[in-house]
Amino acid sequence: MIEIRGVTKFFDEKKVLQEVDALFEKGKVNLIIGKSGSGKTVLLKSLIGLLPVDAGMIRFDDREITGLNMKNMKEIRKEMGVVFQGGALFDSLSVIENVLFPLNFFSRMNEEEKRERALFCLRRVNLNDTGHLYPAELSGGMKKRVAIARAIVLQPRYLFCDEPNSGLDPLTAIVIDNLLSELTHEYGMTTIINTHDMNSVFEIGEKIVFIHEGRKEWEGDREAILHSTTPALNEFLFTSKFNRMVKENIR
Amino acid sequence: MKFLDILGAYLLFMRRIFTKPEKRRVFFRELSNELEKLGLNSIILVMIISFFIGAVLTLQTAYNMSNPLLPRYLIGYLTRETLLLEFSSTIVSLILAGKIGSNIASEIGTMRITEQIEALEAMGLNSVSYLVGPKIAAALVINPVLYIFSVFIGIIGGFLAGLSAGSVNYDDYINGLHFEFNPYYVTYSIIKTLFFAVIFTSIPAFYGYNVRGGALEVGRASTRAVVDSSIAILVANLILTKILL
């Protein structure tokens, strides 16, 4: 479980996050949704500790991370898996080396065990016989899957994904969404996904936080979102004719 | 004011480099990769440049020594002194600042804009130490080696050019190489190469690490890295010469 209270972040004079409160639940797929530039990536990076917050509190289970020194933050980061928007795979390393990377730093396994674990994670994301390839040789969907394999290789308690299906075709996007959902339930992780993909909201979103202009405007589950009366959320979700039709049919 | 801001940020960046490596084995693996990338890939360039500059130095010295009272062994002597004192340390480092510097800045800059550096930080690693530490260590090892290599190749280039053009004979050239040899000049130049190695790796790494934006900014960072590290090498050369000679 990750709890945030009054999280505020400034970039110079601009307030990009304004007293955001939210609760991200364990063993569930938690989504942060919002328009581009709404502050959701800043919120995610603040949760990971990549951006220090200017005010507020972030708690990972019973541990508060705001104000932690580098050493203590490092311990918590070992329990995190992060999937960046573009995958952020290391170009100079092969697929297997990318997945082995966190193990080489943070595990006490021997070489054979590490390799076994990396191969297991690659198989888990449905990537067989790709270990020798380099990121430049992979498709967008494959890159995302390697990034997921790397993120779960240390069996994290918390998984963070920044727009994991951006730039993917709808079919591959659903595959990635379902994979993240399966892994969340399999490992009992607290998964937080940044997205503005409506498919993800209705496909895998168990807990949804809507961010608008740096503020949390709405929080709930995917059933409740259909009945939301928040204007900004309705505008965001149901601008397209297709989504409005879906909403009416479901209702 | 802007210069002081950049200098302050650079010093803080340097402090992050010189921390204990996360895993010694990973550090040495990266070091060997960097030795290959920075060193072996630069040897051919250093060889070609040193050979031709040595050759030109000999021919120009010979051309300017029309006075018959001047002994011909001075040609070998001046070629040696120029290579030992300045060319093989400073000029080769300036060339490496262009070749290696732009490479480092664009490599790290690309890692920044593709979130690879953030991925390292998110894993709990000191990304500066992991990315830049092995590069500086490799340059510290390889730059003195390249210096020695450059001196020898330059002398051979001068010898072959002088001999084939009939500007100097074998005995005069060899006598010139031995004449008034001061071994401290080698020590002085090797000390300089160590400072230059830190400069032409850390400044480009600093600019690459702080890239914000896209491919255009990576290109700009790369250019700034080469310009600033070249200026820093020239300034350091002046200061070190004043201190050491």
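This is a predicted model: local features need pLDDT of at least 70, side-chain atom pairs count only at pLDDT 80 or more; totals for chains, interfaces and linings use all residues.
1. Overall make-up of chain A. Chain A contains 10 helices and 10 strands. Its C-alpha trace spans about 55 × 45 × 30 Å along the principal axes. A compact globule of 251 residues would have a radius of gyration near 18 Å, and chain A agrees with this because its own value is 18 Å.

2. The sheet of 6 strands. In chain A, 6 strands form an open sheet, and their order is E6-E7-E8-E3-E9-E10. The pairing in this sheet is mixed. At the edges are strand E6 (80-83) and strand E10 (215-220) of chain A, each of which pairs on one side only. From one strand to the next, the twist averages 15°.

3. One strand pair in that sheet. Strand E7 (residues 158-162) and strand E8 (residues 190-195) of chain A run in the parallel sense and pair over 5 bridges. To find this pairing in the structure, look for Leu159(A), which has Thr191(A) of E8(A) opposite it.

4. A helix on the sheet. Helix H5 (residues 140-152) of chain A lies across E6 and E7 of chain A. The direction of helix H5 is at about 170° to E6(A).

5. The sheet of 4 strands. Chain A also has an open sheet of 4 strands, in the order E2-E1-E4-E5. The pairing here is antiparallel. Strand E2 (14-24) and strand E5 (63-64) of chain A are the edge strands, each pairing on one side only.

6. Strands E1 and E4. Within this sheet, strand E1 (residues 2-11) of chain A pairs with strand E4 (residues 55-60) of chain A in the antiparallel sense, over 5 bridges. Ile2(A) stands opposite Phe60(A) in E4(A), and Glu3(A) has Arg59(A) of E4(A) as its bridge partner. As a general point for reading such pairs, side chains in a regular strand alternate between the two faces of the sheet.

7. E4(A) and E5(A) run antiparallel and are joined by 2 bridges. Phe60(A) has Arg63(A) in E5(A) as its bridge partner.

8. Two packed helices in chain B. What describes a pair of packed helices? The angle between their axes and the distance between the axes do so. For helix H3 (residues 73-113) and helix H7 (residues 184-209) of chain B, the angle is about 20° and the axes are 7 Å apart. Angles under 35 degrees count as roughly parallel, so H3(B) is roughly parallel to H7(B). The crossing of H3(B) past H7(B) is right-handed. Sorted by class, the residues in the contact of H3(B) with H7(B) are 16 nonpolar, 12 polar and 3 charged.

9. Contact between the chains. How many residues of chain B are in contact with chain A? There are 13 residues of chain B in contact with 15 residues of chain A. Helix H4 (residues 116-122) of chain B gives the most to the side of chain B that touches chain A, with 5 residues. By class, that side of chain B has 5 nonpolar, 3 polar and 5 charged residues.

Note on methods: Residues are numbered from 1 along each chain as its sequence is written. Chains are lettered from A and ligands numbered from 1 in the order in which they are written. Two strands pair if DSSP finds at least two bridges between them. Axes are lines fitted to C-alpha atoms, for helices over the stretch in contact, and angles run from 0 to 180 degrees between N-to-C directions. Two residues are in contact if their C-beta atoms, placed from the backbone, lie within 7 Å. Ala, Val, Leu, Ile, Met, Phe, Trp, Tyr, Cys and Pro count as nonpolar, Asp, Glu, Lys and Arg as charged, and the others, Gly among them, as polar. Angles under 35 degrees count as roughly parallel, over 145 as roughly antiparallel, 65 to 115 as roughly perpendicular and the rest as oblique. A crossing is left-handed if the near helix is turned anticlockwise from the far one by less than a right angle, and right-handed if clockwise. The radius of gyration is taken over C-alpha atoms; the globule rule is 2.2 Å times the number of residues to the power 0.38.
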